[in-house]
Amino acid sequence: MKISQKGLYALQAMMMLARHYNQGAIRIRDVAYEEELPEKFLELILLELKNARIVESVRGAKGEYQLRRPPSEIYLSEIIRLIDGPLAPFGDAEQLRSLIDRDAEHRALYRVFLDVRDAAARILEHTSLADIVSGQRTKALKARKRRKKKEAESGILPMVVPGKK
């Protein structure tokens with residue numbers, strides 16, 4: 001998966017709207033200034049997010065926007081799919097499953113690609129704007145690294161079962 005510049009701008013704008021969720025609508029100009037985004041391009045992105053019913057605009061000449069749902073209910077996958085299309089870095093899951101079924105010689109390679117695709121999708125589908133804004137995602141990753149480091153230091157090796165996830 002490659003996130004486009006437009007996708008990155010959308011995520012940055014959504015993070016700002018999430019940080020200010022309970023404070024009402026925010027002017028496009030303020031979002032653009034705070035996130036250092038081109039204002040005209042941001043207008044088009046917010047219009048696309050509005051049409052997808054992720055954000056809503058407030059009437060008036062100020063051009064204000066706010067999230068339609070709480071940040072905890074808006075997942076990164078939803079934003080990325082809207083702006084950039086499929087999450088999959090190696091094609092869609094059905095295409096990969098078809099290759100696994102048809103191409104025995106390269107089946108193991110396609111299974112790895114499918115695993116990578118599934119892992120990326122799982123992370124993005126379970127990470128909300130609230131997780132990112134509150135730092136929960138970062139805390140969870142740090143905790144996982146500490147746990148792995150302790151396991152490595154203690155000499156305990158994780159059990160690996162071939163073919164199991």
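A residue is called buried when its relative accessible area is under 20%, exposed when it is over 50%, and partly exposed in between, with a 1.4 Å probe and protein chains only. The model is predicted, so local features need pLDDT of at least 70 and side-chain atom pairs count only at pLDDT 80 or more, while totals for chains, interfaces and linings use all residues. Residues are numbered from 1 along each chain as its sequence is written, and side-chain values use heavy atoms, with hydrogens and water left out.

The structure holds 11 salt bridges, each being a side-chain nitrogen of Lys or Arg within 4 Å of a carboxyl oxygen of Asp or Glu. One of them joins the side chains of Asp-30 and Arg-27, with N to O at 3.1 Å; Asp-30 is partly exposed at a relative accessible area of 31%, and Arg-27 is partly exposed at 31%.

Another salt bridge links Arg-68 to Glu-56, whose closest N and O atoms are 3.8 Å apart. Because Arg-68 sits in the loop between β3 (64-67) and α4 (76-84) while Glu-56 belongs to strand β2 (residues 55-58), this pair ties together parts that are 12 residues apart in sequence; helices (H or I, at least four residues) and strands (E, at least two) are DSSP runs, numbered from the N terminus. Arg-68 is partly exposed at 36%, and Glu-56 is partly exposed at 26%.

Glu-125 and Arg-81 also form a salt bridge, their closest N and O atoms being 2.6 Å apart. Glu-125 lies in helix α6 (residues 107-125) and Arg-81 in helix α4, so the pair connects parts 44 residues apart in sequence. Glu-125 is partly exposed at 32%, as is Arg-81 at 35%.
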